[in-house]
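The exercises below are to be worked with the sequence and the structure open side by side. Each task is followed by a solution in steps.

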Amino acid sequence: MTPERIARLRAVLDKRQPDLTVITDFVHKQRNLSAIVRNCDAVGIQTVHAVIGDEDYRAFRGTAMGSHSWVDVERHREPLAVLASLKAEGYQVLAAHLGQHTVDYRALDYTRPTAILLGAERRGVSDAALSRVDHCIAIPMVGMVESYNVAVAAGIILAEAQRQRAAAGMYQSPRLDAPTWQRLFFEWGHPKVRDYCRERGLAYPPLDADGEIDNPAAWYARVRAGTAPMEEGA
C-alpha cells in the first residue's frame, strides 16, 4: 500500500461510529439499499442491519459490492430479534414514520447509541417493528409530495446525526475497539489475503509498522507447511 492509502484507511477507521447504525425493514429495491449503505459509510457507520429475504439479499449484494468493501451488512429475516438485541445493548431506536406521536427528526439526541429504522417506501415500517421503537421521527416538508425517497430520507437523518456527533467531538478520536480497528485495517488494506485466509480458515498474518504483511515469504512458507496459525474457531 502507498503511504497515502494507509493514511486514508487510518483516517476513515478513526472516525467510525460503533454505536450508530441503520436497520432497513424489508427495503427491497436494490438501488435504495445500495444508496443507504453509501450514506452510512459517509457518516462513519460500520454495520447496517438489513431485514430482507434471501433472494432480494443475493440480488442486492450483486449490485452493491463497492459499498460492501467498507460497510458490514448483516442480514436478518425479521426485525424483532435485531431490535431486541440493540435495545438490550442500550440503543434508542428511531423509526422514520409519520404517525400521531411523530417528532421532528432534529429534536432528538443522536449522540446516544442510536439505531435508525427505515421501512420500504410504500409499506413503511412494519407494525411489529413499530411496537418496539422509542420514537417516530419525520422530516418536515412544505411541498406537494408526501415523503422523500427512503435513501434520501436516510441521508438527511444521518447528516443530522453526523452534525450532532461532530459538535460533541465524537469524530476526533478512534471509537472502535482495538481488535476491530486492526481487523478492518487488514481487511481493507489486503483484500486478496483476507479472502485467501477466509477460504482456508487461517488467522490474518501480522502487519509491520507500514501496514504491510510482516515477512510475507516466511508466512507463505508456514502456510505451505501447514504450520500457519488458524483462525479461532476454525
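Predicted model: local features only at pLDDT ≥ 70, side-chain atom pairs only at ≥ 80, totals over all residues.

**Exercise 1: the surroundings of strand β2**

Task: Take strand β2 (residues 47-51) and work out which strands pair with β2, in what direction they run, and how the chain gets from β1 to β2.

Solution. 
Step 1. Strand β1 (residues 20-25) runs parallel to β2 and is joined to β2 by four bridges. In this pairing, Asp25 is opposite Val51.
Step 2. From β1 the chain passes through helix α2 to reach β2, a β-α-β crossover that is right-handed.
Step 3. Strand β3 (residues 72-76) also runs parallel to β2, with five bridges between them.
Step 4. Buried means under 20% relative accessible area. Four of the five residues of β2 are buried, so the rest of the structure largely encloses this strand.

**Exercise 2: the cysteines**

Task: How many disulfides does the structure hold, and are Cys136 and Cys197 buried or exposed?

Solution. 
Step 1. A disulfide requires two cysteine sulfur atoms within 2.5 Å. The structure holds zero disulfides.
Step 2. For Cys136, the nearest cysteine sulfur belongs to Cys40 and is 19 Å away, so Cys136 is in no disulfide.
Step 3. The relative accessible area of Cys136 is 16%, so this residue counts as buried. Cys197, at 1%, is buried as well.

**Exercise 3: the whole protein**

Task: What are the helix and strand counts, the box dimensions, the buried share and the share of contacts between residues 24 or more positions apart?

Solution. 
Step 1. The protein has 10 helices and seven strands.
Step 2. Along the principal axes, its C-alpha atoms fill a box of roughly 65 × 40 × 30 Å.
Step 3. Of the 234 residues, 42% are buried.
Step 4. Among contacts with a separation of 6 or more, 73% come from residues 24 or more positions apart.

Conventions. Residues numbered from 1 in each chain as written. Heavy atoms only, no water. Buried < 20%, exposed > 50% of the residue type's maximum accessible area, 1.4 Å probe, protein only. Helix = DSSP H or I, 4+ residues; strand = E, 2+ residues; numbered from the N terminus. Pairing = 2+ DSSP bridges. Right-handed = clockwise from strand over helix to strand, strands pointing away. Contact = heavy atoms within 4.5 Å.
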